[in-house]
Amino acid sequence: MTAEIPLTETLEGLAEASLKPTDNVDQLKALVSRLHTRIKAQGAENRQEVVSLMAASQHQGVENLVRVIELCRDPPLVGAVCVLLHDLLSPSHKVELRLEVLHKCLALNTAEVIFRTLKTLSADGLGAIDVCIHPAYQVLAKLASKEPKLAVRARLVGGVKLTHQLLQAHSKNSVPLLPLLMVAKYLAKNSTNQMMLGKEGCVATLATILSSVPKTHWAKIKFIMEVLALLTKAKSNVIRLVRESGLQRVLALLDSWEKVERRHQVKLIRGILSTLSHVCDSKHGRKAVLSLSGVEIVQRFIQMCPADKRFDNNLASATNVFLKCISKGELPVASTRGAVTFQVPNRDSSQTPSDIQGDPSGLDVDSSEDEGEYDVEAEDEDVELQKDFKGFSITTEYTPKQIREDELLKFTPLFPELNDFQVQSSTKFKDSILSSSKGSVREGVSVANAEQYFKASDSTRTLINFVKVAYPDMVGAQGSSQLEELYEKDRKVCRSKAIATVERVLHPEVYLERVVYDLDYLLETEDSHQQLITSSASLPKPLSNLDERRVGKMDMAVNHLNFESRFECGNLRRVIQASKTEYDLILNADVNSSHHYQWFYFEVSNMEANTPYVFNIINNEKPNSEFNFGMKPVMFSVQEAMEGRGMWVRTGYDICYHKNHFSRVPKTHDPTRSKRSAASACYYTATFTVVFPHAYDICYIAYHYPYTYTRLKAYLNRQDARELSSHVFYSNQVLCHTLNGNPVPVLTITSKNNIKDKEVIFSLAEFIQERATPPG
């Protein structure tokens with residue numbers, strides 16, 4: 001029986017032979033085989049010892065193996081070394097040992113070394129490296145997820161083209177195919193590689209493999225779809241996929257998703273839907289999907305999608321694909337531009353609002369009119385790898401421009417506190433202002449405050465004729481002073497909302513579609529007796545509030561909720577009743593704009609108590625919202641205020657934010673909009689359900705706590721009337737006027753102690769009176 005050679009002696013022999021691997025091929029093969037045998041044959045503890053010694057710095061076992069790969073020109077030896085490296089990276093070892101080997105491999109750029117060696121050996125033909133392809137790509141697959149620059153490094157040494165060539169050569173060889181696809185997935189994450197692989201015919205290769213691989217090899221099919229999902233980010237690759245009949249196979253897989261092995265289902269479906277989403281981003285791709293009954297297949301998946309939490313993202317992706325394929329409807333409003341316009345002073349009279357909107361040309365704007373390649377951004381990785389910044393320096397020093405004293409003198413009227421005066425030095429500003437203000441920090445709800453608000457409101461210049469003063473603004477309503485818990489989104493509700501979106505497209509006839517509030521109509525008529533809400537009489541001028549008289553009274557003339565937004569900060573353009581208790585709300589855009597829909601603030605009345613009402617704000621533009629992360633809208637109840645609980649409270653449940661079937665690209669071509677902005681030409685719905693505690697109450701619902709310009713003026717008027725301590729300097733001046741003529745205040749508040757030696761702190765604030773209907 002032959003005595004076992006000590007491990008340290010084997011490692012010493014490896015270190016010596018690796019210095020000249022081309023001269024010691026047979027010896028290295030024997031040493032590598034011996035190490036491999038000991039790792040495989042020994043017990044768990046002995047295996048850990050072998051791995052520990054291989055990773056030890058004094059033996060440099062990993063370094064020697066990588067050196068052999070880099071300098072050796074014998075494919076069988078390269079394959080044997082890769083097998084050993086793969087075993088060292090095996091998860092059967094202790095985590096800390098495996099990570100130590102992994103970090104050494106990454107530090108030695110092992111992946112780049114393997115690609116370079118394979119590229120060199122393949123000069124004699126791909127057949128020359130058959131023996132080492134499988135183990136080499138197994139190691140690359142282990143390193144790929146931990147090497148962020150692998151895609152760039154591989155391209156620079158020819159590894160990307162080589163990987164595609166090997167995929168072509170082994171498309172029917174199931175042994176090396178899986179690790180090849182795993183590595184191709186990481187290479188395809190780079191946009192430049194996506195273009196390169198597409199031009200090299202990788203899409204056609206994957207389509208061929210997809211049609212020939214056995215239907216039970218779900219792991220391979222999963223990686224094929226993940227690679228296609230990345231490659232189809234380039235529109236040219238979408239065309240190639242359609243041309244190579246790969247799209248039929250992709251749709252067939254989705255149609256038979258229930259047959260997929262359970263452990264691969266979620267990721268495989270994710271890859272399919274990601275591919276379809278990229279295909280549907282182009283007109284050519286959408287036409288192909290429609291011609292292959294892709295919409296029906298996606299629809300069936302949505303309806304049959306399991307309620308398992310793991311499938312939630314797939315359901316959202318499927319809904320997204322469905323909405324991309326259907327003919328999107330335009331918002332049910334006269335124009336995407338806001339209902340309110342403002343003629344900016346000194347504007348060229350030849351430029352009319354219609355000029356701003358763009359000349360109607362009858363062109364249908366599509367996200368993919370240009371079916372060419374998309375622009376590839378410069379990659380930081382390439383710059384870092386290919387350029388040397390040594391010696392680079394900035395010699396020009398920054399010298400700020402000195403402002404002349406005479407330029408500063410014109411601001412003197414805004415700083416009257418800088419005049420010479422003597423004060424006592426012991427008084428603290430905080431004590432003085434608090435003792436003299438007597439509770440002015442928090443606005444009260446007194447009758448005097450309401451009268452001040454009405455008075456201030458009369459002088460506020462607005463773009464439309466308001467019909468009332470909002471009750472919560474009049475009484476200076478506050479929100480909670482305590483931290484509030486975030487709303488926990490219910491995934492089941494979000495699933496049902498996604499399915500309902502699809503059903504609404506398929507069966508629009510079941511919805512009422514009745515307009516119950518229309519700001520455009522109200523602004524045109526300017527007659528309160530022709531409102532789409534019931535009003536007892538024209539509101540008196542100056543503006544006031546009659547909410548307390550209306551509370552508890554049912555509007556017998558209608559059988560729906562009543563809405564109003566013609567008050568300061570209000571924003572609601574149109575309301576469409578979809579069912580007895582569900583309403584679609586459309587917000588007004590910013591003035592002179594067709595964009596920026598987020599802020600909402602409206603009055604709702606004529607409700608039943610303890611009845612869930614669903615509000616769908618259907619023309620949001622942002623792809624995501626805080627409503628998806630725990631935020632809730634705020635509500636103010638006049639009935640609650642009359643009972644002594646007048647404050648803004650968070651309200652609503654079943655809160656979701658998702659894409660809908662409306663388009664924000666008008667049929668008339670708008671030359672001011674780019675094709676990139678058109679690519680995401682869709683609206684999003686913010687939906688929430690509210691149960692009102694009182695019947696026939698008057699409630700106000702808003703995105704967040706409103707703060708009007710008039711409220712600011714009323715507050716400043718009260719502060720101006722207060723008698724402050726002699727040690728406090730307070731000044732309220734007009735800095736300038738808005739375009740609509742409202743004064744912009746500038747406040748100076750300080751103590752009179754050592755005023756010339758103090759640092760100046762500027763605090764800027766924007767009091768938005770809802771940009772759709774600002775005072776100016």
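Leaving aside neighbours within four places in sequence, select His737 and find its contacts (heavy atoms within 4.5 Å): Asn742, Pro743 and Val744. This is a predicted model, in which local features need pLDDT of at least 70, side-chain atom pairs count only at pLDDT 80 or more, and totals for chains, interfaces and linings use all residues. Residues are numbered from 1 along each chain as its sequence is written, and side-chain values use heavy atoms, with hydrogens and water left out.

His737 lies in strand S14 (residues 728-737). Helices (H or I, at least four residues) and strands (E, at least two) are DSSP runs, numbered from the N terminus. His737 is exposed, as its relative accessible area is 51%. Buried means under 20% relative accessible area, exposed over 50%, and partly exposed in between, with a 1.4 Å probe and protein chains only.

**The whole chain**

Now show the whole chain. The secondary structure comes to 32 helices and 15 strands. Of the 776 residues, 49% count as buried. Take the contacts between residues at least 6 apart in sequence: 79% of them join residues at least 24 apart.

**Helices H1, H2 and H4**

Select helices H1 (7-17) and H2 (25-41). Two packed helices are described by the angle between their axes and the distance between the axes. The axes of H1 and H2 come within 10 Å and cross at roughly 145°. Axes are lines fitted to C-alpha atoms, for helices over the stretch in contact, and angles run from 0 to 180 degrees between N-to-C directions. On the H1 side, the contact is made by Leu7, Thr10, Leu11, Gly13, Leu14 and Ala17, and on the H2 side by Gln27, Leu28, Leu31, Arg34, Leu35 and Arg38.

Next select helix H4 (residues 61-71). Why is H4 described as largely enclosed by the rest of the structure? The reason is that 8 of its 11 residues are buried. These are Gly61, Val62, Glu63, Asn64, Leu65, Val66, Val68 and Ile69. They pack against H1, H2, helix H3 (44-55), helix H5 (75-88), helix H6 (95-107) and helix H7 (110-121).

**Helix H10 and the cores**

Move on to helix H10 (residues 159-169), where Gly159, Val160, Leu162, Thr163, His164, Leu166 and Leu167 are buried. The partners of these buried residues include H7, helix H8 (130-144) and helix H9 (150-156).

Select Tyr137. Not counting residues up to four places away in sequence, Tyr137 touches Phe115, Leu118, Gly159, Leu162, Thr163, Leu166, Pro179, Leu180 and Val183. Tyr137 and Phe115 are also among the residues with the most contacts inside the largest nonpolar core, which has 113 residues. A nonpolar core is a set of buried Ala, Val, Leu, Ile, Met, Phe, Trp, Tyr and Cys residues joined through side-chain atoms within 4.5 Å. Apart from this core lies another, of 71 residues, among them Tyr471, Leu522, Phe563 and Ile618.

**The mixed sheet**

Which strands form the open sheet with mixed pairing? There are 6, in the order S2-S4-S5-S7-S12-S10. Two strands pair if DSSP finds at least two bridges between them. The edge strands, each pairing on one side only, are S2 (514-518) and S10 (653-659). The twist averages 20° from one strand to the next. Inside the sheet, S5 (residues 582-586) and S7 (residues 612-620) run parallel and are joined by 4 bridges. Asp584 stands opposite Asn616 in S7.

**The antiparallel sheet**

The next sheet is open, with 5 strands in the order S3-S6-S13-S8-S9 and antiparallel pairing. Its edge strands are S3 (562-564) and S9. S6 (residues 601-605) and S13 pair over 5 bridges, and the partner of Tyr601 in S13 is Ala702.

Select strand S8 (residues 634-637). In a regular strand the side chains alternate between the two faces of the sheet. Val634 and Phe636 on one side of S8, and Met635 and Ser637 on the other, are all buried. S8 is joined by 4 bridges to S13 (residues 698-702), where Cys699 stands opposite Ser637. S8 is also joined by 2 bridges to S9 (residues 649-650), where Val649 is the bridge partner of Met635.

**Last stop: Ser457**

Finish at Ser457 in helix H25 (residues 447-458). Is Ser457 buried or exposed? Ser457 is buried, because its relative accessible area is 11%. Leaving out residues up to four places away in sequence, Ser457 touches Val469, Leu543 and Thr710.
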